[in-house]
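Please have the sequence and the model open.

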Amino acid sequence: LLDIDGVLNFEGAPINDNFTTISHDWGRWTIRDEVIEWLKKLVRHPKLKIYWISTWGNDSNIINRYLSIPEFEILGSSKGVLAETKLQAVLNVVTGLHNKTVIVVDDLFGRDFIASMAINETERTFARWRAIELACKENTVDIYYIAPNQEVGLIADDIQFIDELVERGK
């Protein structure tokens with residue numbers, strides 16, 4: 001499950017990186033070339049299914065068309081409650097799986113979010129988080145959250161970790 005802003009599209013100023021800017025009518029994404037090459041490689045993996053989990057919704061596949069890679073299925077569409085929408089999308093995925101690995105790559109799910117969830121998030125958000133944990137346990141689903149720093153997006157260490165999970169995944 002792959003987010004765009006803060007993950008592929010880093011929000012900080014590019015420093016000594018080779019990057020590509022993908023522009024469209026209502027915005028632009030700045031993505032490091034190494035991340036683009038990794039994504040192109042990832043889509044060819046035979047055991048992998050990639051979903052967009054982004055507030056960009058259907059517009060997320062503008063990236064796919066630009067890169068000439070297959071489009072990804074879109075999970076959820078934010079209606080102003082970002083955490084709840086994304087958690088519901090994750091829950092929908094893990095509920096339908098058995099003996100699989102799920103990798104969620106989204107800057108939203110960093111330590112700050114998890115630490116503050118019990119204090120700042122709604123009861124429904126917390127209940128969804130708990131439902132994900134229970135569904136994973138019941139369905140033997142291993143779930144990993146990779147939360148890049150939104151200023152820099154995915155970095156080589158994140159990519160390496162994801163690649164290792166993919167290779168050993170169920």
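Two rings of Phe, Tyr or Trp count as a pair if their centres lie within 6.5 Å, taking the six-membered ring for Trp. With that in hand, here is a cluster: Phe-109, Trp-129 and Tyr-145 form one aromatic cluster. Keep in mind that this is a predicted model.

How many aromatic pairs does a search of the whole structure find? The answer is 6. I will go through two of the pairs.

The rings of Trp-29 and Trp-56 have centres 4.9 Å apart, and their planes stand at 80°, so this pair is edge-to-face. Planes over 60 degrees apart get that label. Where do the two residues lie? Trp-29 is in strand 2, residues 27-32, while Trp-56 is in the loop between strand 3 (51-52) and helix 2 (61-67), so the pair ties together parts that are 27 residues apart in sequence. Both Trp-29 and Trp-56 are buried.

Now the other pair. Tyr-144 and Phe-161 have ring centres 6.3 Å apart and planes at 80°, so they are edge-to-face. Tyr-144 belongs to strand 6 (residues 142-146) and Phe-161 to helix 6 (residues 156-168), so this contact ties together parts that are 17 residues apart in sequence.

Last, a charge and a ring. Which residue lies over the face of Phe-10? That is Arg-32, at 5.0 Å from the ring centre.

Conventions
Residues numbered from 1 in each chain as written. Predicted model: local features only at pLDDT ≥ 70, side-chain atom pairs only at ≥ 80, totals over all residues. Heavy atoms only, no water. Phe/Tyr/Trp six-rings, centres within 6.5 Å; stacked < 30°, edge-to-face > 60°. Helix = DSSP H or I, 4+ residues; strand = E, 2+ residues; numbered from the N terminus. Buried < 20%, exposed > 50% of the residue type's maximum accessible area, 1.4 Å probe, protein only. Lys NZ or Arg CZ within 6 Å of the ring centre and 35° of its normal.
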